[in-house]
Amino acid sequence: MRKTLRFLLGDRLVEIERCDPTLTVLDWLRLDQRMTGTKEGCAEGDCGACTVIVSRLDHGLLRYEAINACIRFLPTLDGCQILTVEHLKGADGSLHPVQQAMVECHGSQCGFCTPGFVMSLLALRLNEAEPDIGRIEDALAGNLCRCTGYEPIIAAGRRMDEIAPRETDRFLLERERVAARLATLSDAETLALRGEGGCFYAPATVSTLADLVAAHPQATLVAGATDVGLWVTKAMKRLDPVIYLGRIETLRAITDEGDHLRFGAMAGHADVRTALAALSPQLDELMRRFGGEQVRNAGTIGGNIANGSPIGDLPPALIALDATLVLASIRHCEERSDEAIQGGHTERFDPAPLGRFASLAMTAEDGLIRRSIPLEDFFMDYRKQDRRPGEFVEAVVVPKLTDGVLFHASKVSKRFDEDISAVCGAFRLMLGSDGRISEARLAYGGMAGIPKRAAAAEAALVGQRWNEAAVGAAIAALPQDFTPLDDMRASAQYRLRIAGNLLRRFLIETTQAQTHTRVAGLLAGAAHG
Ligand SMILES: Cc1cc2nc3c(=O)[nH]c(=O)nc-3n(C[C@H](O)[C@H](O)[C@H](O)COP(=O)(O)OP(=O)(O)OC[C@H]3O[C@@H](n4cnc5c(N)ncnc54)[C@H](O)[C@@H]3O)c2cc1C
Ligand code: FES
Ligand code: FES
C-alpha cells in the first residue's frame, strides 16, 4: 500500500500524507495553496467558475479534461496534473493566447466566471484543432456568465488560435515531458490515505477493489463524484471510508464485442458518447446534452446507473437497448448477510435466492463472482437498487441495433444544455416480416420513482402496424403505466403529455423523413430554405 498522495500542480510535484477523503480540489487550491484564481460560484458543478484542467495518462498519452474543482475530491487526482488559471501566465508575465483573446474580444466584465471560461477554452484548444462554433458552444455549455453575455466569449474561442497557432502552445510542447513525469507516478499499489475526516482507498485492480468493498461494506464508492460531490458540498455529509474506482484502468475500457458493446463501469461520459453515437445519432444528441463538458469529463456510466436516480439520462436509453448489468464481488460476500449502504441509506441486507439471477458465474482467474442481470431489474424502488453487500457495478453490456429495428431517444428539460431531464424517453421497436411490431421496449425516466418500461403501452403496440392508430393506443395506455410526480421540473399532467408526444415524435421521425422534429433540424431547414 502507498500512503502518500502524489500529483503535479502545474510543474510542481505535490506529495501529501494526510488528507481528508472528501477535501475538494477547489478548497485545497483556495484555502491551502492560496491559489484564489479558481472561483467558487455554486459549489455544485453547475456554473463552471471553478473549472480547472486535469491532465491524465490514457494509454500512455496525455489527455486534458476540464472538470469542476468544487465537486472533485483531491485524492482522486493521484497520478494526474492539475492546471489552474494561475499556470497560464508566461515566464515573462505575458498573457496566454486564450487570455489575450478574452481581452481582445471583451469577453470579461466582473471576472468571476472568467477563470472558468478561460480554462474551458484552454481545454478545447489543447484537445482540438480548428473547433467550429458548435464545438466552442459545447465546450462552454458548462460555464455560466451573467454579465458579459456569451457572444464575446465565443468570439474569443474563435480568436485564440489566430493569436498563436495551437501547435506552438506551451502546454502542447510540454506534453511528452509531462506524460513521462506522470508515468513515474503511476503504480499498481493501492493508495490508502488517512485524514481528519476518515480514510480514502484507491485500488489499482478490480480484485483489490472487491476485497476493499467486502472489507468495508459501509464505504461510499466514488467514480466521477458528480453526484457524490454534492452530498458533501450541499448535504454536508461525511463519507468515511471512501473507495475510489478511477485508478483501475480496466474499468474504463469500452470494447466492441461484435453484436454488443461492453462498457467498463468507469467509462466516462465523453467516451460513452463516442461509442453510443456509433449506434444512433440520437444517442449522440442525448449524451451531448448530458451535463456540460466538465460533467461529461468526470461522470461515468457506472455512476449514472448505480446512483439509481429516476431522472438519470442513460438508464432509459440502456433499458430500451436491452442492456445487461454486470455486478462483481468476492465469494464470501455472496454468502453473508450484512449491513448495506444503498442509495445513501443503511438497510438490512436480505440475500436473494440465487435462482432469480439471470446468470451467475465464478471466474476462476481473479476469484470474483459475477452476476449479470437485465438493467431494468436493477432498479427496484425509489433509490433502491439490486446491489448486494460487497458488490459493485463492473460493466454494462449493450446490444447493438440490428437491421429492421427502429430506435428513438429524447430528453426534455427546461434548458437545452446542462439540465436534468423532466422526462427522458427511449424506444426500440422490432418489426416482423409482415410489417407488424413484434417487440416493443419503451423506457422512460422522470415518470416514476425509477427508470421504468411502459408495459401497458408496449402491449398496445405489439402486433400492430407502426402507424398513428398504434401510437394513439399506446398513448392511451400510458396512464396505466405511470402516475408521475408533480415537482419543480414539471407537473404530472405535463409529464404524461410529453411521454405520449415523444412516442408520436418517434413515429413522425421514422415515417416522415421531411418533417423537422428537432430544434437543430428546424434551424437547418430555415438556413436552407
Ligand atoms: C451540473 C450537473 C449536471 C448533471 N447533468 C446530468 C444530466 O444531464 N443527466 C444525468 O443523467 N445526470 C446528470 N448529472 C448527474 C451525474 O452527473 C450523473 O448521474 C453521473 O453519471 C454520475 O456519475 P459519477 O461517475 O460522477 O458517479 P458518482 O457521483 O461517483 O457516484 C454516484 C453513485 O453511484 C455509486 N457508484 C459509482 N460507481 C459505482 C460502481 N461502479 N459500482 C457501484 N456503485 C457505484 C456511488 O457510490 C454513488 O452512489 C449532473 C450532475 C451535475 C453536477
Ligand atoms: S463552483 Fe459552480 S461549478 Fe464549481
Ligand atoms: S463576466 Fe462572467 S459573470 Fe460577469
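Predicted model: local features only at pLDDT ≥ 70, side-chain atom pairs only at ≥ 80, totals over all residues.
Along the principal axes, its C-alpha atoms fill a box of roughly 75 × 65 × 40 Å. Of the 529 residues, 55% are buried.

L29 sits in helix α1, and R441 is 412 residues from L29 in sequence. Their C-alpha atoms are 48 Å apart in space. L29 itself counts as buried, because its relative accessibility is 0%. The second pair is G268 and R252, which are 16 residues apart in sequence and 7.2 Å apart from C-alpha to C-alpha. G268 belongs to the loop between β11, residues 260-264, and α10, residues 269-277. Although it is a loop residue, G268 is buried, with a relative accessible area of 14% against a cut-off of 20%.

I turn now to ligand 1. Which residues come nearest to ligand 1? There are 34 residues around the ligand, and those that come nearest are L221, T226, D227, T300 and D313.

A polar backbone atom of L221 is 2.6 Å from an oxygen atom of ligand 1. For A223, a backbone N or O atom lies 2.7 Å from a ligand oxygen. T226 uses its side chain instead: a polar side-chain atom of T226 is 2.6 Å from an oxygen atom of the ligand. As for how far the ligand is covered, ligand 1 taken alone exposes 980 Å², and the protein buries 95% of that.

Where in the fold do these surrounding residues come from? Elements that each supply at least two residues of the shell are β8 (220-222), α9 (228-233), α13 (301-306) and β19 (392-399). The largest share, 3 residues, comes from α13. Sorted by class, the shell contains 14 nonpolar, 11 polar and 9 charged residues.

My next topic is the backbone.

One is the peptide bond joining D240 and P241, which is cis, with omega at about -5°. P241 is located in the loop between α9 and β9, the latter being residues 242-244.

Another is R34, a residue other than glycine whose phi is positive, near 55°. R34 is part of the loop between α1 (25-32) and β3 (51-58). With a relative accessible area of 62%, R34 is exposed, since the cut-off for that class is over 50%.

The remaining one is D322, which is not a glycine either and has a positive phi of about 65°. D322 is placed in the loop between α14 (314-320) and β12 (324-330). Its relative accessible area is 30%, so D322 is classed as partly exposed.

I will now consider the cysteines. How many disulfides does a search of the whole structure find? The search finds 0 disulfides.

Finally, I would draw your attention to H516. Is H516 buried or partly exposed? H516 has a relative accessibility of 43% and therefore counts as partly exposed. H516 is found in the loop between α19, residues 492-511, and α20, residues 519-528. R505 lies 11 residues from H516 along the chain, and the C-alpha atoms of the two are separated by 9.7 Å.

To close, I return to two points. The protein buries 95% of the area that ligand 1 exposes when taken alone. The backbone includes a cis peptide bond between D240 and P241, together with positive phi values at R34 and D322. Thank you for your attention.

Conventions: Residues numbered from 1 in each chain as written. Chains lettered and ligands numbered in written order. Heavy atoms only, no water. Near = heavy atom within 4 Å. Polar contact = N/O pair within 3.5 Å; in protein donor to acceptor, adjacent residues only side chain to side chain. Areas by Shrake-Rupley, 256 points an atom, 1.4 Å probe, with all protein chains shown as cover. Helix = DSSP H or I, 4+ residues; strand = E, 2+ residues; numbered from the N terminus. Nonpolar A, V, L, I, M, F, W, Y, C, P; charged D, E, K, R; others polar. Disulfide = S-S within 2.5 Å. Buried < 20%, exposed > 50% of the residue type's maximum accessible area, 1.4 Å probe, protein only.
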